[in-house]
Amino acid sequence: MLHGVSPVSAARQLSREGCISLYRGILPPLCQRTISTSIMFGMFEQYGKLLRYYNPHISHGATVALAAMLAGCTEAILCPFERIQTLLQDKKFHGKYRNSLHIAQDLRQYGVSEYYRGIVPILLRNGPSNILFFSLRGHIKESLPAAGNTWWSHIIRDFVSGAVLGAFISTVMYPLNVIKSHQQCQVGGPFQPIHRTFLEVYNARGRKFRKIFHGVHVNYSRALVSWGIINTMYELLHKLLYS
């Protein structure tokens, strides 16, 4: 995603760097993923309740879309976690930063805004992604064939609907993640607008739009599994806690 190399080249680089470097930067995504998923589902429900209470005349579709957009924007407060993860995973910073705490301390000299470098592509990614996810997951589940009204049938349909949506959304939003990564791998200096970063990446990759999608199949393969699990566990826990 960051350097536009093939998965084979990336695997060879990881092999040369060794197993110790394989999970470098794992702490920020562990923290960010746990909290952001909680915010995504929790705030979607809360915003939906508030919208239905104060604006009962708004249609169901508009309520879902607006609540999902607001939940996505709320998730963006966790931008510093993605910022630190990107710096830890960029090879040029391996000798400069020891761990997440070291980066957090170093960025402090540049001000609070430095922690939120890359916030614009994150906002553009989170809002529409949530709208697609919450608007379509119910329709996809209902369109899947059901093997009776058994618990395992619901689990399979929840997993498939989450997996399909996760893979689709991660692929559509992949260019925004590429732009975000390129903005966040810089420390200090001016903040570039999103269109300028896109042009830099586009020109650096031979002015071929398909090269911006380098690594996308690795990304959607991960999303296929992770979002299948997330959607399944959400529905399962929701039924157990609120039934």
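Predicted model: local features only at pLDDT ≥ 70, side-chain atom pairs only at ≥ 80, totals over all residues.
Buried means under 20% relative accessible area, exposed over 50%, and partly exposed in between.

**View A. A buried salt bridge joins lysine 180 to glutamate 82.** The closest N and O atoms of lysine 180 and glutamate 82 are 2.8 Å apart. Lysine 180 belongs to helix 10 and glutamate 82 to helix 5 (residues 79–89), so this pair ties together parts that are 98 residues apart in sequence. Both lysine 180 and glutamate 82 are buried, so each has a relative accessible area under 20%. A search of the whole structure turns up six salt bridges.

**View B. Arginine 137 and glutamate 235 meet in a salt bridge.** Their side chains come to 2.7 Å, N to O. With arginine 137 in helix 8 and glutamate 235 in helix 12, parts that are 98 residues apart in sequence are tied together by the pair. Arginine 137 and glutamate 235 are both buried. Turning back to the residues of View A, salt bridges with shared partners join Glu82, Arg125 and Lys180 into one network.

**View C. Arginine 117 has two partners to look at, glutamate 114 and phenylalanine 191.** In the salt bridge between glutamate 114 and arginine 117, the closest N and O atoms are 2.9 Å apart. Arginine 117 also lies over the face of phenylalanine 191, at 4.0 Å from the ring centre. What are the relative accessibility of glutamate 114 and the relative accessible area of arginine 117? Glutamate 114 counts as buried at 2%, and arginine 117 is buried too, at 3%.

**View D. Phenylalanine 44 and phenylalanine 134 form one of the aromatic pairs.** The structure holds twelve such pairs. In this one the rings are stacked, 3.8 Å centre to centre, with 5 degrees between the planes. The pair links distant parts of the chain: phenylalanine 44 sits in helix 3 (residues 27–54) and phenylalanine 134 in helix 8 (residues 119–143), 90 residues apart. Phenylalanine 44 has a relative accessible area of 12% and is buried; phenylalanine 134, at 8%, is buried as well.

**View E. Tyrosine 174 stacks with phenylalanine 213.** The ring centres are 6.2 Å apart and the planes stand at 20 degrees, so the pair is stacked. Tyrosine 174 lies in helix 10 (residues 174–184), while phenylalanine 213 is in the loop between helix 11 (194–204) and helix 12 (216–242), so parts that are 39 residues apart in sequence are tied together. Phenylalanine 213 is partly exposed, with a relative accessible area of 21%.

**View F. Aromatic rings form a cluster and several of its members sit in the largest nonpolar core.** Ring pairs link Phe41, Phe44, Phe133, Phe134, Trp227 and Tyr234 into the cluster. The largest nonpolar core has 19 residues, of which Met40, Phe41, Phe44, Phe133, Phe134 and Trp227 touch the most other members. Helix 3, helix 4 (60–75), helix 8, helix 9 (151–172) and helix 12 are the elements that give two or more residues to this core. Helix 3 supplies the largest share, five residues. A second, separate core has nine residues, among them Leu88, Phe93, Ile103 and Tyr115.

**View G. Phenylalanine 133 and isoleucine 169 touch each other.** Not counting residues up to four places away in sequence, phenylalanine 133 touches Met40, Phe41, Leu165, Ile169, Trp227 and Asn231. Isoleucine 169 and leucine 132 are 37 residues apart along the chain, and 7.5 Å separates their C-alpha atoms. Isoleucine 169 is found in helix 9 and counts as buried at 8% relative accessibility.

**View H. Helix 9 has buried residues covered by other helices.** At 1.5 Å a residue, the 22 residues of helix 9 should span 32 Å, and this agrees with the 32 Å between the end C-alpha atoms. The buried residues of helix 9 include Arg157, Asp158, Leu165 and Ile169. Helix 8, helix 10 and helix 12 are among the elements that cover the buried residues of helix 9. An α-helix has 3.6 residues a turn, so residues three or four places apart point the same way.

Notes. Residues numbered from 1 in each chain as written. Heavy atoms only, no water. Phe/Tyr/Trp six-rings, centres within 6.5 Å; stacked < 30°, edge-to-face > 60°. Helix = DSSP H or I, 4+ residues; strand = E, 2+ residues; numbered from the N terminus. Buried < 20%, exposed > 50% of the residue type's maximum accessible area, 1.4 Å probe, protein only. Lys NZ or Arg CZ within 6 Å of the ring centre and 35° of its normal. Core = buried A, V, L, I, M, F, W, Y, C linked by side-chain atoms within 4.5 Å. Contact = heavy atoms within 4.5 Å. Expected span 1.5 Å × (residues − 1). Salt bridge = Lys/Arg side-chain N within 4 Å of Asp/Glu carboxyl O.
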